[in-house]
Structures are given as structure tokens and as C-alpha cells.
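Hello,

Here is the structure I promised to send over. Have a look when you have a moment, and my notes follow below.

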Amino acid sequence: MTNNNEAAPLCIIGAGGIVADAHLPAYQIAGYKVTGIANRNKQKAISLAEKFGIEKVYDTLEEMVAVHGTNAIYDFALPASEIIPVLEQLPDGATVLIQKPYGESLEEAKAIHAIAKKKQLLAGVNFQMRFAPYMLEAKKMIADGKIGTITDLEVYVNVHTPWNLWEFLFSKKRMEINYHSIHYIDLIRSFLGTPSKIYARTFKHPEATQLASVKSNIIMDYGDMVRAAIHTNHNHNYSYHKQESYVKIEGTRGAVKITFGALINYPHGVPDSFEYIIAEEGEEAQWQTKTIDGTWFPHAFIGTMQQMQLAKAGVIDKPENSIDDALETMICVEAAYTSNEKGGVITGDFF
């Protein structure tokens with residue numbers, strides 16, 4: 001449906017970097033028509049409208065809603081604190097794609113959820129990493145039984161992230177997990193479902209003391225037979241040559257390792273890679289590479305919007321990235337912060 005002329009028109013709320021770098025390029029690739037954009041800083045909206053051929057720049061959200069009603073899909077990329085005010089201005093029955101995170105906390109997520117349900121919104125959240133082309137390929141291989149049953153899933157990120165590019169993050173009481181590792185929590189959930197338990201610790205760094213946290217270790221507990229872990233360190237500022245960002249999935253018959261290069265040497269990035277190994281009986285297994293068209297930014301953003309298009313058209317009952325599914329990701333995030341606060345077992349108690 002990515003090239004369907006009958007797709008619903010899109011209305012963009014917000015004109016920040018993520019809209020310019022991911023949302024609008026993705027929709028251009030997919031052939032989705034963006035008919036309007038609104039932003040508090042109108043000049044930013046005008047610039048994006050000129051660059052991406054958006055038909056109309058609206059002075060206010062109210063003006064946009066008055067024109068489009070429930071016919072368009074409203075896509076907004078604003079801080080989590082702005083979600084409720086935006087939803088309250090949308091017409092009942094509207095279709096909306098909400099930028100992640102789904103609120104600053106589980107309490108806020110539940111408040112957003114209640115409003116969306118009351119207004120009967122067809123709503124999804126832009127947890128898009130699960131729709132990156134290389135993740136879709138890994139899921140296809142798993143569905144086809146290529147690597148057997150998953151036994152180990154690891155996300156490993158050791159990079160230097162220039163947080164100064166996102167000034168709003170410096171005022172957040174919750175940062176690394178809520179605004180970054182949330183991607184990986186959602187990704188692992190898309191492979192394995194919601195875990196029974198979460199163990200987590202999130203950390204500061206001497207060179208980033210203004211930020212709530214910049215490193216995390218998270219274990220998602222799926223029982224004794226599956227290890228699912230997330231490691232993030234955003235302060236590896238020792239040249240990009242030893243920086244790493246990958247997802248490794250091991251099964252009973254093989255494994256997949258995906259390097260997502262966008263985070264390495266950010267914002268320049270390095271090429272992605274998709275490697276896999278399959279154990280065939282009587283043969284020595286060899287790692288192989290596969291060329292995957294597309295990457296996380298911007299191509300994964302096609303997937304989240306495509307789900308909204310399919311749901312709005314009645315092709316599917318609800319989008320994969322529905323607010324109901326997103327609420328489970330937020331439950332995991334809340335569990336991670338609760339685990340972080342409760343701390344580990346005190347070794348001194350054993351002396």
C-alpha cells in the first residue's frame with residue numbers, strides 16, 4: 001500500500017528535526033500525500049513545505065482540523081508533554097500517529113490512553129524500529145524457521161551521542177530509557193512479546209551530569225531458556241572506530257547479527273550490515289551477508305504510517321503499533337525505572 005493513490009492524506013503537526021529527517025522523507029518514498037503542516041514556529045513549517053511539496057501551511061492546529069476533519073491521518077512529532085493537548089483538539093473518531101514515547105511515565109500514558117479511548121481515536125504510536133527493513137527480514141527468517149527457536153536476543157549500543165542536538169532532553173527527569181532504550185524494549189517485545197519481569201539500572205556520566213542518565217543495562221525476563229538484554233553507553237567518546245550498535249538474535253539453528261549504523265559517528269553514521277548463519281546438518285556453518293534495501297531512518301517510518309493507513313482503510317482491525325500495544329511497552333519502561341530505583345541485592349547482607 002506504500003504507493004496507493006487512495007491512501008488517506010497526511011497532516012503533520014510539528015516541524016522539528018525528526019520530521020525533516022525521517023517522517024517526511026519516508027512519506028515521500030512511500031508516495032503518501034502530505035496535504036498540511038502546522039507548527040508554532042511557522043517559518044520552520046514553511047521551509048519544510050517548500051522542501052517536500054506540502055500543499056498548505058496552517059497557522060494553527062484548529063485551522064487544520066477545520067479543513068480535514070476525520071478524513072486525514074494526523075501525524076505529530078512533539079515532546080511527550082504535548083500529546084494530551086494535541087489529542088484534545090482533534091475531532092472524535094480521528095486517526096492519529098503519536099510520536100514516541102507514549103508519555104513521560106506510565107501514569108501519563110494511561111491518561112493519554114483514556115482520552116484516546118473516550119474520543120474513539122484510531123491511534124498508534126511511532127515505535128518504528130520494529131519496522132526497519134532489516135528487522136522485517138530477520139522476522140521473516142524466524143517465521144520461516146531458518147534459525148529455529150529464539151534463545152538469545154541482545155541489543156548492544158556503545159557510541160557517542162551528541163545530546164546537545166536535543167535541548168529539551170536536559171530538563172527531563174527520565175531520559176535514556178524513556179527516550180532511547182525504549183526503542184529496544186519495544187523491538188524485543190515485537191519479537192518475544194511482553195516479558196514477565198524487568199531488571200534494570202540506568203546511569204549518569206561525569207561529562208553529561210545535566211542529563212538524568214546516558215547509559216543503561218536492562219534485562220527482559222522471558223524465563224530460563226531465553227536471554228534478552230539491552231546495553232547502552234552513549235559516552236564512548238574515543239573515536240568512532242570502536243563504536244558499536246547491533247542487534248544479535250540467536251536461535252537453535254542459527255543466528256542473525258544486524259549492525260544499525262545510524263548511531264555510529266552520529267549524525268554521519270556508517271553503513272548498516274545484515275549477517276546470518278544457519279547450521280545445516282553435516283555441513284560447516286558459515287556466516288553470510290545479505291544486502292537489505294533501506295534502513296532505520298527514514299524507511300522504518302514507512303511501516304508505522306502504513307499500519308495506520310491499513311487500519312483506517314479497514315484492511316486490518318488495528319495497527320500493529322496501536323496505543324494498546326504501546327501501553328505494554330510503557331509498562332516495561334515503568335518497570336525498568338522501578339527496578340532502577342529499588343536497586344540490587346546488598347552484598348554486605350551476606351557477611
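In what order do the six strands of the open sheet come? Going across this predicted model, the order is β3-β2-β1-β4-β5-β6, and the pairing is parallel. The edges are taken by β3 (56-58) and β6 (122-125); each has a single partner strand, so one side of each is left without a neighbour in the sheet. On average, neighbouring strands here are turned by 20° against each other, direction ignored.

Within that sheet, β1 (residues 10-13) runs parallel to β2 (residues 34-38), and four bridges join the two. Cys-11 sits opposite Gly-36 in β2. Lying across β2 and β3 is helix α2 (residues 42-52), which runs at about 170° to β3.

The last stop is Ser-339, which belongs to helix α9 (residues 323-342). Its relative accessible area is 17%, and because buried means under 20%, Ser-339 counts as buried. Apart from neighbours within four places in sequence, Ser-339 is in contact with Ile-198, Tyr-199 and Ala-200. With Ala-200 there is a specific atom to look at: the side chain of Ser-339 reaches the backbone nitrogen of Ala-200 at 2.9 Å. Pro-85 is 254 residues from Ser-339 along the chain, and their C-alpha atoms are separated by 31 Å.

Methods: Residues are numbered from 1 along each chain as its sequence is written. This is a predicted model: local features need pLDDT of at least 70, side-chain atom pairs count only at pLDDT 80 or more; totals for chains, interfaces and linings use all residues. Side-chain values use heavy atoms; hydrogens and water are left out. Buried means under 20% relative accessible area, exposed over 50%, partly exposed in between (1.4 Å probe, protein chains only). Contact means heavy atoms within 4.5 Å. A polar contact is a pair of N or O atoms within 3.5 Å; within protein, one must be able to donate a hydrogen and the other to accept it, and residues adjacent in sequence count only if both atoms are side-chain atoms. Two strands pair if DSSP finds at least two bridges between them. Axes are lines fitted to C-alpha atoms, for helices over the stretch in contact, and angles run from 0 to 180 degrees between N-to-C directions.
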